[in-house]
Structure formats: structure tokens, C-alpha cells
Amino acid sequence: MVRQPSFFIILSLVTFFINCSKVTGQEYSWMHYSVSQGLPQSQIFNFYQDSKGYLWICTKGGLSRFDGIEFENYSIKDGLDADFVIYLYEDSSGVFYIGTRYGVNILKDGKLSSIPIFKGQYLTGMQIDSQNGLWVQGGNKDLLNVVDGKKVVDHPVYNFLNEGEKLYLGGSRRSLGKLLFNTSEKRTFSWNGKSISLIEKRRQNLIPSLGNDGKLYGITSDSIFVYEKKVFNPIVYIKGFNVKYINSGDDIYLVDQGSQSYISHYDGKNITKYHKKFSHITTIFADDESNLWVGTEAGVWRLITKGFQNYLANSGDNFYTWTVLQDNNDNYWFGSFLYGLKKFDGLDFTDYPVDHLFKFGGFQYFYSGGIKAKNGDLLFSAYRGVIKYDGNKFDWYYYGKRETIVYIHEDRENDKLYFSSARNGIIEIDQNKKIKYLDGRGKKENTGLVTSILKDKYERLWISGNLGISIQEDGNWRNLPDDKDSVDIGAICMLKDFRGNLWLGSNDGLYYYNYNKLRRIGAEIIDGQVGVLNIAKSGELLIGSIKGIGLLNLEKFYTSDEESVRFFNNQNGFLGTDIKHNSSSKDNDENSWICRSDRVVKIDTDELLSNPNPPRVYIKSVSTMSDNMEWKSALNMINNNDTCSFGPLENDIRFDYHGISLSAPTGVVYQTMLKGYDNGWSAISKERYRTYTNLPQGNYTFKIKAANYDGIWTDTIASINLIIKPAWHELLSVKLGGLAVVIFLAAGIGYLFSDNKKRKLANTQQNEKRIAKIQFNALKGLIDPHFTFNAINSIATMVYKENRDEAYHYFTKFSKLIRTAFENSDRTTRTIKEELSFVTDYLDIEIMRFKDRFIYSIDMDKKINTDWYIPKMIIQIYVENAIKHGLLPLQNGGNLEISLKLKNENLVIEIMDNGVGRKISGLEKNKDTSLGRGTKIFDSYFELLNKFNTDKINVNIIDIEDEVGNANGTRVIINIPLNFKFNL
């Protein structure tokens, strides 16, 4: 059915303009991006979403690719011919065409180049057709077609024109397989890559545009048309607006003519104005997840959700609202702690004086905890009592000269009201206005100030404060917990649900009580103080915490015991600062209202839609650790199932990845797996990288999957193949050669020893000692070069980066280390004093290299004789391991503790770090090949020494975990018997 302009629509628009001029401080939740968030420049010209889901933003200072969290920018220094970027399109092969103010650039495989034919042209339009042909409108009004960088002069489109007729690009943002053209003779036709079709010859100046629904629309100065049955038919009259984006016939975005500061939306029936003023709107775009993006002269704005509507946030009148109630005439009443009462009629706020109620003095303070009573009256908690509004006038319902009421509860079944008084405890008022002061005040030492009151399903009266809870039963009060009720917490707010069970908001989270057991709910999400509880329009439990709001699905909770919580904060639409306790109310449409310190938020759960689109996940780069312990990107522009190879000394690997979900980008979570190394998928994490250190040689496949904020996981998994090449001595040919030598030597030795068995038996132990000595000397020779190699790298880094004084200090310490190493090169042991001096110099060097990355401490029992001998470098080698694999991946906040104690005739050395742990760093998976060269040498050393000692040296490595099982560091414990002998 063709929709014609009607008097009703025109009249609605007139009314719209009259009313909207009064709107103040009322808007949806928006996210703002500018230069400070990463944009190259804040004047926006265009948006484009590519086939991978990235959002591209054209600005006056360059081009930016946005994954929802990070901006990747391109400018002249990267190869653009100009920073003034106006257009961007992607062809079917993934090549991007970038239209700047003066030319066209191509971005292919991460490299930029320009098309010389357009150099110096002032571009006024650009499109890509279905055959990957580029169309550019130049400043001279000529429309040019380019294929593979060459101008096409005999395109069929040109042959369609009459003599002298000019050709212009249509207004479509996305081609959808065909292009639209206008001509100077007011003709419109389309080109689908094969044939030309005349659409219509018009009299009026109509601009054609393809909607994302595939339909053709036409735009004039005062109307929008849809092309149906070979004719443009009007669908809406839009005088006073400019069309900025057409998604479909009932999803059109407009801006006001002139200043272009406001957005309006046409939904097929009405035009609704968004009450946010922008700094000159330049473009509007809706992405594949239906997010609305607005380009302005002052950056990018994204409409987070229509589910939250903010009041007073930008009106310059943040008057500390603590109560919002709606009357039966659809007026809202905002009660302020400092500035009295305001009336909101849906369009405008007006001050509403109630001075007559305070004629004897006092402050017009309104507190939280007000309600709309069963009879429709509004009851406000206030200084000196409770104020009632019956729809006509305000008056005192209860007055106390020095009273402060902070909470109101209505017992609708028994027609009673309960007030919490800061002065007189709990006040009960029945339907005959009979006042009764309950003994609840006597329980103040248990509850503190009473902030919530309710009747449970057994008709017992509960009163709660942040210190505790008391119950009135059979006229008597009892403090919890007791033998009847095990509730041992205080509660800021309480709620009884449809089953009669209780929900308690406390200083440390949300609790559920079924009269049998108290249970903490949603600890991982709802962490911190909970001050508001309500039942949302959706039937979910609305939980207002200091960090945001949660919506707990009660149906899932009761049917499957699932704690399914949707959580909202500043990142996904619930804007503002902390929540006022018990400040929630519901309007006549069952929408919830919550007071925050800087605004009032209306919550419409019907608009808090789940995102059914899983993230599109990509591996961004693969990096290896350089000699100076920094990650160096080795592979970019990764395609799925690519293969990368690394040498045996490049086996510290980092994978960077991201999942693109523009709706709630910070809520994306990941699971990873290195097939061939990990036993399964990792724990769910928000980290966008994963590291593996000291990977053994072999073939691996790194896999990554992601879920959006609503828990929708990716259908496809991104992966990359990884090859760690073996060292030369691990090659099969070398191993076979070595085996042959061993066999030959074994045969020769066997031949020699077989000649004289008695002599062999007599000298067996002596020969074992000689062989052990030779093996140990070989191992000892490996230790000092191992450390020296790392220390030399440290010198190079410091000399290159630091100033002269620090470099000199660094050289002094290192020279001391080298001198110590050479002087003791023939020794296998040294004193505790010498070892600690060596370790201290080493740690001071590492502290200077990695400033602010970690700190250390050394603690030694005073009973220990520092002249005792211990294996040389036994502390240093594990300290080095803790720094490299545990502390450096933290980036900051690292702590290393070294202690030496006497215990049961043993010297106990402990090296403890608070690093990422062996599981994350990859050390736990293959201890024989992952703990590092030095620690393997000591394992062999101890094995040899223990053969000749009754009491053994042992090393124990313990993973430190927090209370929920997360890695929290590593502890190495070395036990050396005091009677241990080191001579072989």
C-alpha cells in the first residue's frame, strides 16, 4: 500500500516543532570518541564498515580503522596523498579505495599507493560498482570510470547519454550490487555491471538513494519517496529536515536544517527527535549490529542504547535528585536533597514550590525511599516527615518537628505504612492514621540507621541497615543471626520476590535468602555495594550497585539455578556516578527510574536488546621476544590458517588478537588454545593477547574464539599454524651421528674392560667419581656464559637508552660481576655472602633495565653463617627465571622476595614472585624443556651430587593461586642439608 502525505503527519510535525523547543536535559546514552580516544582528527566526513566488521572513519586529518577499542590511523606519513579523507569503499577482493580531497588512494595488503590519473582533482563523489570498477566525480563535474588504475573511455554508461547530457553519481552509500546515476536532464538510471535501466524521468530535483533493505528511495527538499511499480511514491513529508541515512522505509535518520544539531528518527509512523544537541552533524551511519554512529565537527558519537534515558545530565541543573515518582496524570515529580521539588511533564522541567509546608522553618530536603501508594497518592520522604501528593495538592501526611524520614514501606495487604525515622526508629501508621512507635529504635545498635523495611511471607516485619537486620515476630524483636534465621549481614535494601523469598543488597554485594540458607549471588559481576533492588518491566530483578546495574533473570534462577545477569555500566549505556540508596521507582508504563549523583536514569528494558551477532575474531600479529626482552612483531596482516616459522632461539611467542563487536566492545571475552601444547581451551578472559615462553621445537596451531557481551560465541575459529624449528643438535642426522659415536665408544670401552673384570670391580667407584667430575665441569662451564650473554644485552640496552651517569654505574656493577665470575671460574661453590652479593648486583642491574616493572627484597635468618658454602649461582639462576618468565609479563607491580632460613638442619632458600605463574607463561606444560637452560643444568648437578650424599638437595616449585584459583605467582624452595658435601 502506497503511503501518501497526510494532514495528520504534517500536523504532527508542526506540533513536534512547537513542543521540542521546550525539551531540556533529556537524552539517550551516547559514547563519544575524539582525538583523546585515538582519532587522528575530530572533524568527521564519512563512515564505512568493511567486510570484516571494522568501522572506517574519514576525517580531515586522516583515515582511521576502528575495532571498537583501538584506532589504527593512516595519514600522509603512511602514504596518503592528503589527510583530508572524504570517501572509502572496499571492492569484492578486499582492496580499499580512499578518496581524499585531491585524489584517490589504494590500500592493498596493508600498503598504500595512489592512482596518478586523479592527482590534484577536487573529488565530489566516489563509488565502486559490482565489477570492482571505480567511479569518481571530479571537481570539473566529469564522471570517470577506472579499472586497474586506467581510465575507461568507452563504458556503456556514457553511450546512454544524450549529446551534452552530464552524468552524476547518485546518493547511495552502499552499492548493493548496482550504481545509481543522475543526469543533467533529470533522468535517473541504474547500472548493475551488465546492463543499464532507466528508472524515471522526473520533473522535480529528486536524489536517488539505495536503502540497506535493497529498495530504492528518492529524496527531495521536503519529502522521501520509495520506488515501487516503476514510479517514486511519497512515504513521508520531511520539510525542515535533511535526510542523512536510510536503512529502510521505516528506519530513516534526519537532521534539522540549518544548524544540523539534532537527530530525528522516522519509524514508519512518527518522527521522533533525539534530545541531544551535537556540534554540527556531518554524517550518520548504522552498522551491521544496528548501532547508530554520528559524525560531527567535534568527533564521533555512538548511540549505546535507547534503553537508558538520562535526565538533567546536561541541563546545568544537577540538583541532587533522590526520589522520582509519577502521578496518575503522567507528570513526574523530582524530589531533591538540596533544591526542593521539580515537576516534569514529559517535555519540560518547572520548579514547584512547597514553601507552605515549611512555613515554620526548616530545609526542603527530599530523601530517597518515596513510594506511590496503592490509592495513587505519592508519598515523599522528607525533612520533618512524609509529604503526600493526591493529584491536586501537596500536604503533610505525617509531620514531626524534628523528624527525618528516610524510607517508606507500604504493607498493602494490611493497609499499613511503615516509616524509618532517623530520630524515632520505626513508625507504624494504619488506615485510620493511628500512629504507633515500634520498638525498632532499640535495635539501632544492631542495624544502624534503618534504610529498608518489608514484610516477609510469614508476615514478619524486617528492618535493616548496613550494620545488621532485626525481625519483629509476635510483637518481639530479635537480632539476626539467630537459631531461626541465619542472615549474618547488614542490608542497605531488601526486596520480596513473587515467591516470597528475600533479596538483600549489602555493602559487599547481593544475597538471596529462602528462609533456609543465605547465598551470595553474581559475585563475579555484582561486586561491591548494592543499594537498589526492584522488579524491572521485563520481570528481571533490577540490582543497582556502586558500579552499575544488573538484571538477574529470575525465571532461569528458579528453574535451572542459573545466575544469569545482564550488567550495564558506563561502557554499555548506564551512565553517571554512584547510585542513591533506595532511589528506584516505577512509572505507569512499568519502566524503572534510578537516581544517580549527576542524573536521573529511566530504564526501559524493552529497549535493552541482546546482540545476536557474535564477534568476528582475528589474529592481529605474532611477535617474538627480542634480545632486550621486548616483543617484536614478526608477522602482521594474518589470514586464517596462515603458517609462520621461527628458529630455536625465537621460541618466546606472543599472539595478539581481537574480536570485533561494536555494540559492547569491552565486554568481548576470549578462549585460546595452542594445539600441540595446551591440553584444552584456556579459561575465559578479556585479555587480547596470549604469550608462550620457551616453546619446544615442534608444530602447533594457535586457535582463538570469542563471545560478545551477551554470551554469543563465534561460529568460526580463527587460527594460525606455528613451527618452532629444532636446534642443530636436535636434528635427526646429528642425533644419529651422536648415537653411532656412543655405540662405537661403548663397544670399545666394553672391549677394554672385558679384559680385566677384577680391576674394573676394584676401581668402579673411583671411575664413577672421575666421570661425574668431568660431567660437572662441563655443566659448570655452561653457567657463566649463560648469565654473561644476558648481562651483555643489558649493557647494550642501558648504554643506548640511558644517560652517562647511569651507564657508568651500570658498567661498574657489571665489571664487578665479570670479575667475580672469572675469579671463581674454577670453583663450583662459593659462600652465601658471595652469592648474595652477586645476586644483589644482578638485581640492581635488572631494576635499572626494567624501571618500575618490579621490586625485590632479601631476608636472611641471623643464625645463618654467611661463610657457609653453597653451589655457585644457585640463587641467581632461579631469580633470573622468576624475572623473565614471571615478573616481566606483568609490565608493572612485580615483587620478588628472597629468604634464607634454618629449618631441621637444612638451609632453606625461597625465591617467590607474584608473576603470571607457570601456566600462563607456559612453563608448567613441559618442565624438562621450558624451565630454562640454567635450571636444567642445576637439576643435573644436584642429581650427580646427591649420589655421593646420604641427605639430598631437593628443589620444589610451587604454583601460587588466589582464593578462586587464579595464578598469583611462583615459589621455589631449595633445601640444602647442612652436612652436605660438594666434593665429588
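Q: How many bridges join β10 to strand β11 (residues 134–137)?
A: Let's start with a pair of strands in this predicted model. Strand β10 covers residues 125–128, and β10 and β11 run antiparallel. The number of bridges that join them is four.

Q: Which residue in β11 is the bridge partner of Met126?
A: Met126 belongs to strand β10, so we look across to β11 under the rule that strands pair if DSSP finds at least two bridges between them. There, the bridge partner of Met126 is Val136.

Q: Which residues of strand β10 point the other way from Gly125 and Gln127, and are they buried or exposed?
A: Gly125 and Gln127 share one direction. On the other side of β10 we find Met126 and Ile128, and these residues, like Gly125 and Gln127, are buried.

Q: Which residue takes a positive phi near 65° in the hairpin of β10 and β11?
A: This hairpin has five residues between its strands. The residue there with a positive phi near 65° is Asn132.

Q: How many of the six residues of strand β2 (residues 44–49) are buried?
A: A residue is buried when its relative accessible area is under 20%. Strand β2 is mostly covered, and the number of its residues that are buried is five.

Q: Why does Asn145 count as buried?
A: Asn145 is found in strand β12, residues 143–147. Buried means under 20% relative accessible area. Asn145 therefore counts as buried, as its relative accessibility is 1%.

Q: Which residue's backbone oxygen does the side chain of Asn145 reach at 3.1 Å?
A: Asn145 touches several residues beyond four places away in sequence, including Asp129, Trp135, His155 and Tyr158. Tyr158 is 13 residues along the chain from Asn145, and their C-alpha atoms are separated by 9.9 Å. Leu134 is also among the residues touched. The backbone oxygen reached at 3.1 Å belongs to Leu134.

Q: Is Ser597 buried or exposed?
A: Ser597 is found in the loop between β52 (592–595) and β53 (600–603). Its relative accessibility is 18%, and the limit for buried is under 20%. Ser597 therefore counts as buried.

Q: At what distance does a polar contact join the side chains of Ser597 and Asp578?
A: Leaving aside neighbours within four places in sequence, Ser597 is in contact with Tyr320, Thr577, Asp578 and Lys580. Its side chain makes a polar contact of 3.4 Å with the side chain of Lys580. With the side chain of Asp578, the polar contact is 2.6 Å.

Terms used: Residues numbered from 1 in each chain as written. Predicted model: local features only at pLDDT ≥ 70, side-chain atom pairs only at ≥ 80, totals over all residues. Heavy atoms only, no water. Buried < 20%, exposed > 50% of the residue type's maximum accessible area, 1.4 Å probe, protein only. Contact = heavy atoms within 4.5 Å. Polar contact = N/O pair within 3.5 Å; in protein donor to acceptor, adjacent residues only side chain to side chain.
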